[in-house]
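Please read them beside the sequence and the structure.

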Amino acid sequence: MAKNITQFIDESVNPYFNLTIENGKYFSTNKESYYLKQLPDQSFSFDVTNNKVTSSIDEFGTIKSISFYHGNYLTEDKPGVWVSKDFVQENDLSFKIRYDDKLYDFKNSKNRVEADLVFNLFPRIKHDLKDLKCTIIVYAPVGRTGARLSCLVYGIYIENLKPTNLTGELILPKLYEKKYSDRRNILMHCPQSADKKTVHFSISPGKAKFIPFILCDPNAYECL
């Protein structure tokens with residue numbers, strides 16, 4: 001298991017769970033994969049959960065859905081992991097990056113994308129943007145004592161491949177789609193964001209920067 005973010009990013013590609021998307025075509029080093037022949041498929045996802053939060057991540061890093069568990073309804077149904085549960089849910093959360101007067105939407109990628117499961121557990125999605133590489137990693141925290149945290153960590157690791165300094169900004173998903181709407185039933189926290197809408201970065205040649213985002217439910221203070 002990796003001891004730091006660099007080792008995690010540089011870990012070799014999972015030989016069993018990996019995808020490469022280029023020019024709209026899907027490839028994998030696992031030639032025996034039955035599912036490879038079914039792609040692209042809108043139902044495809046990497047599922048991340050710790051039983052307090054569950055989320056579905058597509059091959060481009062979009063959070064297709066995210067749900068936070070609150071408690072159980074009083075019913076006579078048979079118990080199950082997500083049966084008769086009270087939870088909040090949101091869908092379709094995606095980031096964008098702006099640099100050198102270019103805007104790149106991770107969700108609508110036309111560049112080379114590599115996706116796999118690191119250690120058979122963590123989704124890792126790499127976007128190759130020529131001048132830089134963005135790697136998305138996602139996990140649901142579990143404490144040393146086994147305590148589940150009601151949050152999802154969504155990290156973006158930006159590597160500068162240019163011979164000059166790289167400046168730009170990450171654009172966060174909008175929490176409110178309409179002027180008078182409270183549609184987004186989640187909170188997003190990033191210490192590096194001043195306005196909670198963007199994160200500005202400046203990276204020297206050959207260097208990298210890791211920007212983590214914490215997605216949690218508004219009732220998290222009771223659910224941690």
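Is Ile 186 buried or exposed?

1. Ile 186 is buried, as its relative accessible area is 3%; buried stands for under 20%, exposed for over 50% and partly exposed for the range in between, with a 1.4 Å probe and protein chains only. This is a predicted model, in which local features need pLDDT of at least 70, side-chain atom pairs count only at pLDDT 80 or more, and totals for chains, interfaces and linings use all residues. Residues are numbered from 1 along each chain as its sequence is written, and side-chain values use heavy atoms, with hydrogens and water left out.

2. Ile 186 sits in the loop between β13 (166-171) and β14. Its C-alpha atom is separated by 9.0 Å from that of Asn 219, 33 residues apart along the chain. Strands are DSSP runs of E with at least two residues, numbered from the N terminus.

3. β14 belongs to an open sheet of eight strands, ordered β2-β1-β9-β10-β11-β12-β16-β14 with antiparallel pairing; two strands pair if DSSP finds at least two bridges between them. At the edges are β2 (25-27) and β14 (187-189), each pairing on one side only. From one strand to the next the twist averages 20°, with axes fitted as lines to C-alpha atoms and angles running from 0 to 180 degrees between N-to-C directions.

4. The partner of β14 is β16 (residues 208-216), joined in the antiparallel sense over three bridges. Within this pairing, Met 188 is opposite Leu 215 of β16.

5. Another open sheet has four strands in the order β3-β4-β5-β6, again antiparallel. β3 (46-49) and β6 (85-93) are its edges, and each has a single partner strand, so one side of each lacks a neighbour in the sheet. Neighbouring strands here are turned by 15° against each other on average, direction ignored.

6. β5 (residues 63-72) pairs with β6 over eight bridges in the antiparallel sense. Gly 71 has Asp 86 in β6 as its bridge partner.

7. The second largest pocket holds about 330 Å³ of space. A pocket is an open set of points on a 1 Å grid over the protein atoms alone, where a 1.4 Å probe fits, with protein on both sides within 12 Å along at least five of seven lines; lining residues have an atom within 4 Å of a point. The lining counts 18 residues, with Phe 17, Ser 33, Tyr 35, Leu 39 and Phe 44 nearest the centre. β1 (18-22) and β9 (112-118) each give two or more residues, and β9 gives the most, with three.

Key: Grid points are joined across faces, edges and corners, and a volume is the space filled by probe spheres set on the points.
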